[in-house]
Amino acid sequence: MVFSSNIFLFLFLPAFLGLYYLTPFRYRSLVILIGSYAFYAWWRVDFLLLFVGVTLWNYVIGNQIYRSGLGTKAAKRWVALGITGDLATLGYFKYANFGVDSLNQLLVGLGSQPLELANIILPIGISFYIFQAISYVIDVYRGDTEPTRRFIDFAAFIALFPQLIAGPVLRYKDLAGQFAHRTHTLDKFAEGASRFMLGFVKKVFIADSIAPLADNAFALENPTTADAWLGALAYTAQLYFDFSGYSDMAIGLGLMMGFRFTENFNQPYVSQSITEFWRRWHISLSSWLRDYLYIPLGGNRHGTLMNYRNLLLTMLLGGLWHGANWTFLLWGAWHGGLLAIERMLGVSSAPTGFRISRWAMTFLFVILGWVTFRATTVSDAFAFYGAMFAFDGVGFSYDYLQGISRLNLAILVLAFAIVAFMGVRDRRQVGTPRARPIQWQGVSMLLLLPIFSLAVLKLSAGSFSPFLYFQF
């Protein structure tokens with residue numbers, strides 16, 4: 001089940017919210033758990049057992065860590081066991097096929113027989129809920145949070161359906177207090193509804209309308225330079241509006257249930273460095289990688305070379321987290337290398353002014369990285385780069401034009417106009433207090449309702465289009 005579907009909008013969500021608000025507060029975690037399991041099982045019932053198993057495993061591990069005494073050797077063994085179990089689960093389901101395929105390519109090249117392995121299906125959302133489980137056991141070990149007293153609360157946290165499939169990556173320590181007490185007001189519900197509608201419009205109206213420009217470009221055998229650049233720009237906008245749209249919908253649903261989740265995007269395409277970009281893009285993941293990988297590796301505490309190594313390793317593993325493919329490793333290496341270079345040059349991660357040259361270079365680096373992120377194979381990515389820099393005229397190929405329309409192009413222009421407008425507003429607000437969203441709630445609702453209604457009609461008339469981050 002996906003948010004951008006009629007069955008979710010007109011069946012699941014009204015039924016869930018009705019039951020949720022009719023239930024006394026003490027039992028609402030149970031309603032969340034049952035509703036979230038039903039949401040997940042809509043895809044495949046059998047993988048719900050894996051989901052429950054991961055939840056039980058980390059609940060027990062967290063309690064054992066706490067009972068062993070913080071900082072003790074026994075606690076350290078328990079946290080190591082917990083993380084090993086989580087990573088083994090993620091590794092088997094997400095990377096076994098990739099590992100065997102890569103090994104078989106080597107074996108065949110050496111003249112040996114390839115190994116056989118039954119194709120393993122990737123459970124949807126596993127990357128997100130495994131990372132949330134890992135952060136829980138580490139935070140208990142560090143003393144940043146106590147283990148949950150109620151299993152239902154912890155299970156509901158892991159299963160919380162608004163962010164279950166594609167984030168934001170939540171941490172139990174940030175939501176523990178909200179499970180114990182949270183407010184449910186009409187203002188908060190209206191804010192959540194507005195945020196959900198905004199995300200829905202981003203996904204259905206903008207991202208899905210841009211998709212043919214990117215898909216057709218990357219599907220061409222011999223794209224022209226114009227085809228390739230338009231396709232790369234289209235994917236840059238599509239991915240942002242698709243993923244930030246999902247995050248808006250998740251945050252909005254959380255507000256409708258009384259939760260306030262962490263923000264996941266902050267106008268990333270106005271960044272003037274790759275370091276700043278990663279403070280604005282997929283914020284919940286980048287902060288997770290910083291707190292649970294980069295800092296434990298040593299961060300910047302052990303000299304310059306070790307700092308560069310840690311940056312590169314963090315981004316390599318961040319790339320691998322996105323998918324079992326060499327393209328994601330290359331994308332991670334690209335960003336890790338750029339981060340290390342910026343650190344070496346002393347580039348500011350929070351510039352006070354705006355320099356168009358720094359922004360243009362950063363945006364170019366981001367676009368080039370997205371090509372590898374989107375390509376099916378590394379060879380496809382480099383072939384696409386070859387087309388981008390072949391400079392074989394300015395015209396579009398006939399095959400490319402056949403698959404796109406003027407509406408697609410118009411929506412792409414609109415998308416970048418929105419990015420530019422929001423970016424200018426963001427820069428002007430630096431250092432000044434921001435207006436509370438609630439002040440604009442009535443206006444935004446009036447503007448969003450008709451657009452949201454049209455987006456629903458577009459969804460009903462079109463074909464199924466999953467969120468891009470579902471594959472991760």
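A salt bridge is taken here to be a side-chain nitrogen of Lys or Arg within 4 Å of a carboxyl oxygen of Asp or Glu. The model is a predicted one, in which local features need pLDDT of at least 70 and side-chain atom pairs count only at pLDDT 80 or more, while totals for chains, interfaces and linings use all residues. Residues are numbered from 1 along each chain as its sequence is written, and side-chain values rest on heavy atoms, with hydrogens and water left out.

By that definition the structure holds 13 salt bridges. In one of them the side chains of Arg 171 and Asp 291 meet at 2.8 Å, N to O. Arg 171 sits in the loop between α7 (161-164) and α8 (172-180), whereas Asp 291 belongs to helix α12 (residues 283-297), so the pair ties together parts that are 120 residues apart in sequence; helices here are DSSP runs of H or I with at least four residues, numbered from the N terminus. Both Arg 171 and Asp 291 are buried, a word that stands for under 20% relative accessible area, with exposed meaning over 50% and partly exposed the range in between (1.4 Å probe, protein chains only).

Asp 248 and Arg 195 are both buried. Arg 195 also meets Glu 263 in a salt bridge of 2.6 Å, N to O; because Arg 195 lies in helix α9 and Glu 263 in the loop between α10 and α11 (274-280), the pair ties together parts that are 68 residues apart in sequence. Glu 263 counts as partly exposed, at 37% relative accessibility. Through shared partners, salt bridges join Arg 195, Lys 202, Asp 248 and Glu 263 into one network.

We turn next to the nonpolar residues. In soluble globular proteins, nonpolar side chains tend to be buried together. A nonpolar core is a set of buried Ala, Val, Leu, Ile, Met, Phe, Trp, Tyr and Cys residues joined through side-chain atoms within 4.5 Å. The largest such core has 138 residues, of which Phe 3, Phe 8, Tyr 129, Trp 281 and Trp 370 touch the most other members. Helix α10 (residues 225-256) gives the most to this core, with 17 residues. Leaving aside residues up to four places away in sequence, Trp 370 touches Tyr 235, Thr 236, Leu 239, Tyr 269, Phe 277, Trp 281 and Trp 331, where contact means heavy atoms within 4.5 Å.

Aromatic rings deserve a separate look. Rings of Phe, Tyr and Trp (its six-membered ring) pair if their centres lie within 6.5 Å, and planes under 30 degrees apart count as stacked, over 60 as edge-to-face and the rest as tilted. This rule gives 64 aromatic pairs. Phe 3 and Phe 8 form a tilted pair, 5.0 Å centre to centre with 40 degrees between the planes; Phe 3 is buried at a relative accessible area of 1%, and Phe 8 is buried at 0% relative accessibility. The rings of Phe 131 and Trp 288 have centres 3.8 Å apart and planes at 10 degrees, so this pair is stacked.

How values were computed: Helix = DSSP H or I, 4+ residues; strand = E, 2+ residues; numbered from the N terminus.
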